[in-house]
Amino acid sequence: PPPVAPRAAPPAAPDAELSLEEIVTTLTKFLGEVHDAFAAARQTSKEAIWNAYVAVAERTLVPFERKFAGRTIRPVREDGSVFVSVAAYRDHMLGHTLSELFGNAASPERVVAGVVMQNCVEKCRTGVEVVSKPGEPTRTKVSDAPPDRDGVLEFCSSDAGRPHCEAGRVRVLRVNETESLGPAFARYLASKLWLGEHYYVQIDAHMWTVDGWDEDLRVALRAAPSYPKVVMSAYPPGPDDRGSWKRSPRGTGKLCGAEFSKSSVEAHIIRLSGGGGGGAIAAPAPQPPRSVYVGAGFFAAHASFLGELPFDPYLPFVFMGEEIALTTRFFTNGWDVYAPRVSLFAHQYRPGKLGLPKFWESTDRTFGSGGSNTKLMLMIVDRVKHVVGYPDPPKNAGVLAHLRDPDGPNYGLGGARPLSRFLDMAGLDMVKQTASTQGWCSKGQPPPPEFL
C-alpha cells in the first residue's frame, strides 16, 4: 500500500506541560550547581553563602517557577487521586512508610508517593549518639556508618511494592546527603513531583497508617463546610504496642496552641503545641472540627492550593518556622484549617539520644565548622518572621529575595484575609511575643464569626 503521510504535529502550547523527567532534571541541576557554589564559598561569610544560593536559584529555579506563576503545574484532576509528599532524610523507616501508605489504602491504585530521598552513599557518619548511662554525665560520640538504606528500592523490590512502582505510583528524587538543604526545602522539592492529583498530603518518612486512611481522608475533607478551601492537619500520635491510637478520638493532635520559643538559637520563632482538649469535637459527624494551625508532619488539602501558595524555594537550612509560615499563608489565602476526627497516621517521635542523623550535621560538614547551619538559619528565618508579622526588620534584607516576584509566584501572604485577623483569632501578640490557646478550638467549636 502507498505510504501514509504522517500527520503534522500540532504547535506546542506556550505553557506545554513539563514531564516528570524534565522536572527532576531541573531540580537535580539546581542541587548540583548549589553544591558547587557552596564548595567555592566554604570559607566565606553567611551573607556570601546566601548570595551564592540566590545566584544559582535565579539562573535555574526562577525561570522554572515563573512558568507556572499563579497556577498549578498541571490541572487538578477531580478523580479522588491522592499525592503524598514524603521528604526523607537518611531515614531507615522510609520503606516501611511506603508499605503502610499503599498496603493500608482503600484504593492504592489512586495513591501516588512523591519521595525526596536524601541519603548518604559513602563516607557516612552517624548522628550524635548519647553513650553515657542514666545518672552519669552526658557523653556523646559520632561514629562511621554504612551507607543508608534505600527505602524506595526496598519497597519496589518487594512483592507488595513492585506493582505500584511499575505503575509509576512512586516518584522519587534522589539527593545526596551532602546536597541536603533542610526540611523546608525538601518539602519544596517534593511538591514538584506532584502531577495533577486531586488531593495533596504531606507526611514524614517514619509513619504508620490506619486501614482505609485514604478514603477516610477524602470523606473528611469533603465533609468540611469550607470545601474545597480546606486544609486538615494535626500532630499524629506516637504508636504504642497495642496500636490503640487507631480509631481513637483521643490524641488526634488538634493544633490549637502555640508559643514563642525562648531560645535565641531558635530565633524566638513561633512553635506549635497541641492544646486540643483531648480530641473534643462539637461538629456533627462526619464534619471535622475547626482548628488553628497547620503542622508540617501531616496536612492534607485539595491540591489547588499549590497555585495559590506554592512552597517557597528560598528557605534552605530552615527547620523551625515552616509551620507558622504554612498556617498564615493558608489563612490569608482564604483556606480554613480543620483537624481529623480520628487519627489516620501515627508518627515515630525521635529523641536526640537515638543518634539518628540530622540535616544540620551535613551542613556543618559541608562548611567545615560546627554551628554553620545555625548561623545560616538565624539569618534566613528572618524571611519567615517578616511574612508572619514579627515587628523587627530582617538583619539582612537580601533574605527577602523574590518573596513577591511580580512575574513569578507569591511566596508571601495572600490577599483574601488580613494577617491581623489570624493573629487575633490565634491569640498571638507579635510585639509582646505572647500566645494563648483559644477555648473554642480546645472545645471543638467553630471560631467566632468575626474571624471567618
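The notes below cover the model's basis, its nonpolar cores, one threonine and a pocket.

## Ground rules

This is a predicted model, where local features need pLDDT of at least 70, side-chain atom pairs count only at pLDDT 80 or more, and totals for chains, interfaces and linings use all residues. Residues are numbered from 1 along each chain as its sequence is written, and side-chain values use heavy atoms, with hydrogens and water left out.

## Nonpolar cores

A nonpolar core is a set of buried (under 20% relative accessible area, 1.4 Å probe, protein chains only) Ala, Val, Leu, Ile, Met, Phe, Trp, Tyr and Cys residues joined through side-chain atoms within 4.5 Å. The largest one has 92 residues, and Tyr293, Phe305 and Phe422 touch the most other members. Helix α2 (residues 46-66) contributes the most to this core, at 10 residues; helices are DSSP runs of H or I, at least four residues, numbered from the N terminus. Another core, of 39 residues, lies apart from it and includes Ala105 and Leu344.

## Thr60

Helix α2 also holds Thr60, which counts as buried because its relative accessibility is 8%. Beyond neighbours within four places in sequence, Thr60 is in contact (heavy atoms within 4.5 Å) with Thr26, Lys29, Phe30 and Glu33.

## The largest pocket

How much space lies in the largest pocket? About 1,200 Å³, taken as the space filled by probe spheres set on grid points joined across faces, edges and corners. A pocket is an open set of points on a 1 Å grid over the protein atoms alone, where a 1.4 Å probe fits, with protein on both sides within 12 Å along at least five of seven lines; lining residues have an atom within 4 Å of a point. Of the 43 lining residues, Pro183, Arg187, Asp204, Phe319 and Trp360 are the closest to its centre.

Key: Buried means under 20% relative accessible area, exposed over 50%, partly exposed in between (1.4 Å probe, protein chains only). Helices (H or I, at least four residues) and strands (E, at least two) are DSSP runs, numbered from the N terminus.
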